[in-house]
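Here is a short briefing on one chain. Please look over the fold before reading the points below.

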Amino acid sequence: IIIMSSSGLIEGTEKDWFPQLVDKLESEPHRNAHLYRRNRSENPDRNSAAVAVVDEVFGELEATKHYVDIEVHNQATRKGEEFLTHREIIQTVDQRLTNQEGSAAPCVAFLDTSRTRDLTSLVIVADDTSPEDPTAPPWDSIRVERIDVWSPQNMAGGVINEAAILEHLALYMPLFPGMIDMRVDTRIMPWATRLVKIVRREFPSWGRRINGYNGGRMERRAAYRILEQRILAGKLRIPNNALLISELKAARRKMNTDGQLDIREASREKRHLELVDSLATCCYFVHLDTLQTRTRLDRIENRNAAGQALLARLYKPGAAGLNINKF
């Protein structure tokens, strides 16, 4: 049996069986089924220039942008449910951005923790405000400075190795002397709580800026609103990271049982947007920092000495001194 179709408008009826089938086979591959999905057109007669104009013109209109996602980018959507359009996401991507080994720029970071199923991810966001614009406030524009991902499936026993996370932080955090705030997701993760305590005790030079995070639904909703505003305003640059881009494309507005809209994964088989959640949380803490009425003294010192500090730390120290048994 060969089943072929382009994407269409999801209507919430039994006619939606095709996108449900695609989602099912993506999340749970079957040994007797082969799924081939392509977002780029293979039509040799396709007029790329005309399609680009349709994307540029109608992709900007609120009433038609979801149809553009369906017809131009082969993205099955439910009208009004998409979080961001394909065009809005791609405009945020900067091909020049790569994972930085260190940075003297002011930064915030979020470590989204897991145990056996979801990914553990670290996202670092830096102030991208142009130094040539003296009127621009701090954090007027931001960029993703670094992304690290750990999969429990790739670790011994299918469990996240807490020691590996600690070793990674001890290796890289000294190379980001402009780090203002880093939060670790300690919700229902005892190992993450232990990690915060160990870091703050044994690495006070940078560990004092690391704290646990127990935000709830209200903080998450605020974080996604701030993320959306930055993307639509062109105030955020992200790297060409396949996982992050795919999660942004899969994000949908879903009504919760309390009658409030939340951002969730499009597929019912998936429940979490790991990298997007981390990025949104970083945007949330950037926003909180902009609300400070007083200039931080440590930021002033960092801006004066960050270059020298970074150069002095651009070697990768060994981790032999880490006491892994304290986990």
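**Helix α8 and the overall fold**

In helix α8, the buried residues are Arg220, Arg221, Ala222, Ala223, Tyr224, Ile226, Leu227, Glu228, Arg230 and Ile231. The model is predicted. Its chain holds 11 helices and eight strands.

**More on α8**

- Helix α8 covers residues 217-232, 16 residues in total.
- From first C-alpha to last, α8 reaches 23 Å, close to the 22 Å expected at 1.5 Å a residue.

**Chain totals**

- The chain has 327 residues, and buried residues make up 46% of them.
- Take the contacts between residues at least 6 apart in sequence: 70% of these join residues at least 24 apart.

- Six strands make an open sheet with mixed pairing.
- Their order is β5-β4-β1-β2-β3-β6.
- The edges are β5 (210-213) and β6 (236-237), each of which pairs on one side only.
- Helix α10 (residues 274-290) packs on this sheet. The helix touches β1 (107-112), β2, β3, β4 (179-185), β5 and β6.
- The direction of α10 makes about 35° with that of β2.
- Strands β2 (residues 120-127) and β3 (residues 142-150) run antiparallel and are joined by eight bridges.
- Within that pair, Ala126 has Arg143 of β3 as its bridge partner.

**Strand β1**

- Strand β1 is largely enclosed by the rest of the structure, because six of its six residues are buried.
- Cys107, Ala109 and Leu111 point one way from β1. Val108, Phe110 and Asp112 point the other way. Both sets are buried.
- Six bridges link β1 to β2, and the two run antiparallel.
- Five bridges link β1 to β4, and these two run parallel.
- Leu111 has a bridge partner in each neighbour: Leu122 in β2, and Val184 in β4.
- As background, strands of a sheet pair through backbone hydrogen bonds, either parallel or antiparallel.

**Cysteines**

- How many disulfides does the rule count? The count comes to zero, with a disulfide taken as two cysteine sulfur atoms within 2.5 Å.
- Cys107 is in no disulfide: its nearest cysteine sulfur belongs to Cys282, 9.7 Å away.
- Cys107 counts as buried because its relative accessibility is 0%, and the cut-off for buried is under 20%.
- Cys283 is in no disulfide either. Its nearest cysteine sulfur is also that of Cys282, 7.0 Å away.
- Cys283 is buried, with a relative accessible area of 0%.

- Most residues other than glycine have a negative phi.
- Trp139 has a positive phi, near 65°. This residue is found in the loop between β2 and β3.
- Is Trp139 buried or exposed? Trp139 is buried, as its relative accessible area is 2%.
- Ile188 has a positive phi too, near 55°. Ile188 is found in the loop between β4 and α6 (190-202).
- Ile188 counts as exposed because its relative accessibility is 81%, and the cut-off for exposed is over 50%.

Notes
Residues numbered from 1 in each chain as written. Predicted model: local features only at pLDDT ≥ 70, side-chain atom pairs only at ≥ 80, totals over all residues. Heavy atoms only, no water. Helix = DSSP H or I, 4+ residues; strand = E, 2+ residues; numbered from the N terminus. Expected span 1.5 Å × (residues − 1). Buried < 20%, exposed > 50% of the residue type's maximum accessible area, 1.4 Å probe, protein only. Contact = heavy atoms within 4.5 Å. Pairing = 2+ DSSP bridges. Axes fitted to C-alpha atoms, helices over the stretch in contact; angles between N-to-C directions.
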